[in-house]
Amino acid sequence: MKTRTVVPIPPSYDKNENLDPNSISKYVKYLENNGVCTIMTTAGTSQYNLLDIDEIHFLNKTIAESFSGNKILGVPALSTKAAKKFIKHAEQNYVDKDTRLMCLYPDRFYGHETIQSYFFDLRDYSSSALYVHGMFMRSGTGGSWDFDSDVMNSLISLKVIEGMKEENSSLPNAFSFVKGIRDNDKSFDIIVAGGSMRRHQFLKNAGANSFLSGVGNFFPEIEISYCENIDAGKSVDKEIELETKLFETFSKYGWHQSLRTGLSELQLGCQYDRQPWPARQQQTCKEIADTLDYIRNKK
């Protein structure tokens with residue numbers, strides 16, 4: 001499988017904190033015009049916690065109609081009944097042959113069968129196999145639980161799911177998880193998240209084929225070059241160096257806040273925020289802008 005970057009889309013708002021479809025559409029067209037083949041809406045980056053259900057549909061529909069490539073569109077963490085209703089509406093209004101829906105389990109972990117049953121039930125309402133947002137979750141008996149390959153492989157073999165946004169809580173767990181899936185299925189789409197190219201550098205040896213974008217949210221050509229060089233067996237030192245420069249700054253202020261600020265500084269969207277959200281500080285904006293300017297001149 002070819003290496004691929006998947007770009008997550010944050011929502012843009014107008015000054016009254018309403019979704020701004022023109023700004024959202026402009027950004028995804030920018031990505032498409034710069035070579036991005038796959039975009040995603042997802043609970044964190046796309047701020048599902050700040051949107052109501054109608055707004056999530058509106059965001060997904062705006063993106064689906066503005067981008068001609070592959071779309072992986074998130075379904076929020078909902079009860080089985082509500083998720084079925086969400087999927088039915090999505091299928092009727094904006095899902096096409098280039099679109100897949102990605103579902104997020106809504107509760108704590110109580111056992112494998114409960115997890116599997118949730119995705120089995122939702123698959124009946126989707127025209128295509130689903131993606132899973134594999135975020136680690138709290139365990140109902142204490143601690144936390146990471147998705148494991150045994151749970152996923154049974155869903156894969158029965159064509160319930162065809163891809164996953166992988167978010168295991170540690171790299172060793174992630175490596176074992178990815179390898180456990182890849183040893184069983186060579187075509188499953190594994191999108192690693194939380195580290196972009198650097199996380200992919202580690203997990204590609206276990207079989208990860210895709211990664212959630214970082215620096216590519218701003219300069220897609222850097223991550224596209226990384227993908228091409230990885231597949232050709234060439235050096236990716238320059239791409240990793242530029243990504244590292246980005247994260248050195250962004251990690252100080254948090255990825256999602258820095259992403260929105262950076263897109264605003266480049267006039268790519270996110271000019272306004274919806275509350276509650278931290279106020280933008282002049283020095284923070286300047287440091288993020290300076291970092292992006294450095295990367296633009298070095299790429």
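Let me start with helix α5, residues 149–157, whose buried residues are Ser149, Val151, Met152, Asn153, Leu155 and Ile156, and let me say at once that what we are looking at is a predicted model. At the N-terminal end of α5 the cap is Asp148, which places a side-chain oxygen 3.2 Å from the backbone nitrogen of Asp150, while after the helix comes Lys159, with a positive phi near 65°.

Now to the aromatic residues, where a search of the whole structure returns 10 pairs. In one of them, Tyr27 and Tyr30, the ring centres are 6.4 Å apart and the planes meet at 20°, which is under the 30 degrees required, so the pair counts as stacked. Both tyrosines belong to helix α1 (residues 21–33), where they sit three residues apart, about one turn of the helix. Tyr27 is buried, at a relative accessible area of 3%, whereas Tyr30, at 23%, is partly exposed.

Trp145 and Phe147 make a tilted pair, with 5.0 Å from centre to centre and 50° between the planes; here Trp145 is buried at 10% relative accessible area, and Phe147 is buried as well, at 2%.

Definitions and conventions: Residues numbered from 1 in each chain as written. Predicted model: local features only at pLDDT ≥ 70, side-chain atom pairs only at ≥ 80, totals over all residues. Heavy atoms only, no water. Buried < 20%, exposed > 50% of the residue type's maximum accessible area, 1.4 Å probe, protein only. Helix = DSSP H or I, 4+ residues; strand = E, 2+ residues; numbered from the N terminus. Polar contact = N/O pair within 3.5 Å; in protein donor to acceptor, adjacent residues only side chain to side chain. Phe/Tyr/Trp six-rings, centres within 6.5 Å; stacked < 30°, edge-to-face > 60°.
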